[in-house]
Amino acid sequence: QHTITQQGQTITQLQAQAAVGSPPVQGQPFRGPKMATPLIYDGAMATCKGFINSCQLYMSAKPQEFLTLQIKITWVLGFMQMGMAQMFCDHFLVYMNLPDYQTQYEESVEPNKIKLLYCDIYKVFGDPNKQAMAIQEITTIKQGSQSAEEHVQLFKQAYMRSGYGETAGIHEFKWSLNSPLLDKCMAIPELPSTLEKWYKLVIHLDRQWRQVVAERKMFTTCGGSSTGGQTGTTQHASQQGQTQGYNQHQGLTQQALHRNRTPFRCYNCGQTGHMA
């Protein structure tokens, strides 16, 4: 219990040093940029990898503050203060005083011995089926309605998590594409030999296709407006022609009636100019 108390005091001092920072002293080396310290970890599986990454990032930015393995370990354990992570911290502080700790950590041939602690943390709190899930993701991912740029970004993430080699990655990437786009790729005389070149080819062809579709829509819209204007003009001219023809017909009809109309004659005398 006394050992745990001492280790706890050391952890508190390291946390205070990381949060506040000691004042610069002339002759001391540069202490590095300001970095956000990791969040308190509670043992959740979803945030396990993120916690480990945060610790790695902080230490890599400020290596002058972590000169010994013990400082590194106690600093990491100092952020495991909630839930199951607190229990891991308590047990590990006791474990550090056992001979097994010396054998596994201090005498290890691992160049960066703090990785051993990260591995132990991940074994306890990490996702044991993470790689299996990543493999399932990369074998079932499909482009669908996404653009090539969007699909490539998602595929890159799945590929990095899967642990696949480049040859297997190329195979899965090809069959994740929509059939028309894949057909265009396979029609290329020399197919790409690397996954990065496949990404560039797919994005290039997809952009070309989308540009053609956009131009076709624009042409259809402009052509429809022009045709509509011509049709309207034709209809208007036709209506005017019909009206003029009708008026002319009416005039001709009236003239014919006037010519064909005989003058009135008197019923008694038969003379024109008056009626009986």
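Student: Which residue's side chain meets that of R210 in a salt bridge?
Tutor: First, a caveat: this is a predicted model, where local features need pLDDT of at least 70, side-chain atom pairs count only at pLDDT 80 or more, and totals for chains, interfaces and linings use all residues. Residues are numbered from 1 along each chain as its sequence is written, and side-chain values use heavy atoms, with hydrogens and water left out. A salt bridge here needs a side-chain nitrogen of Lys or Arg within 4 Å of a carboxyl oxygen of Asp or Glu. At 2.8 Å, N to O, the partner of R210 is D206.

Student: Where do R210 and D206 lie?
Tutor: Helices are DSSP runs (H or I, at least four residues), numbered from the N terminus. R210 and D206 are four residues apart, about one turn of the helix, and both lie in α11.

Student: Is D206 buried or exposed?
Tutor: The classes go by relative accessible area: buried is under 20%, exposed is over 50% and partly exposed is in between, using a 1.4 Å probe and protein chains only. R210 has 36%, so R210 is partly exposed. D206 comes out at 5%, so D206 is buried.

Student: Which residue forms a salt bridge with R207?
Tutor: The closest N and O atoms of this pair are 2.7 Å apart, and the partner is E149. R207 sits in α11 (residues 195–260) and E149 in α8, so the bridge ties together parts 58 residues apart in sequence.

Student: How many salt bridges does the rule give?
Tutor: One of them is R210 with D206, and another is R207 with E149. By this rule, the count is three.

Student: Why is the F88 and F92 pair called stacked?
Tutor: Rings of Phe, Tyr and Trp (its six-membered ring) pair if their centres lie within 6.5 Å; planes under 30 degrees apart are stacked, over 60 edge-to-face, and the rest tilted. A search of the whole structure turns up 17 aromatic pairs. For F88 and F92 the centres are 5.8 Å apart, and the pair is stacked because the planes are at 20°.

Student: What is the distance between the ring centres of Y101 and Y105?
Tutor: Y101 and Y105 are four residues apart in α5 (residues 99–106), about one helical turn, and both are buried. Their planes are at 20°, so the pair is stacked, with centres separated by 5.2 Å.

Student: Which residues do ring pairs link into a cluster?
Tutor: F88 and F92 are both buried, and they belong to the cluster.

Student: Which residues of α10 are exposed?
Tutor: In α10 (residues 179–186), the buried residues are L181, L182 and C185. They cover an arc of only 100° around the axis (taken from the directions from the helix axis to the C-beta atoms), which puts them on the same side of α10. The face turned away from that buried side carries S179, P180 and D183.

Key: Helices (H or I, at least four residues) and strands (E, at least two) are DSSP runs, numbered from the N terminus.
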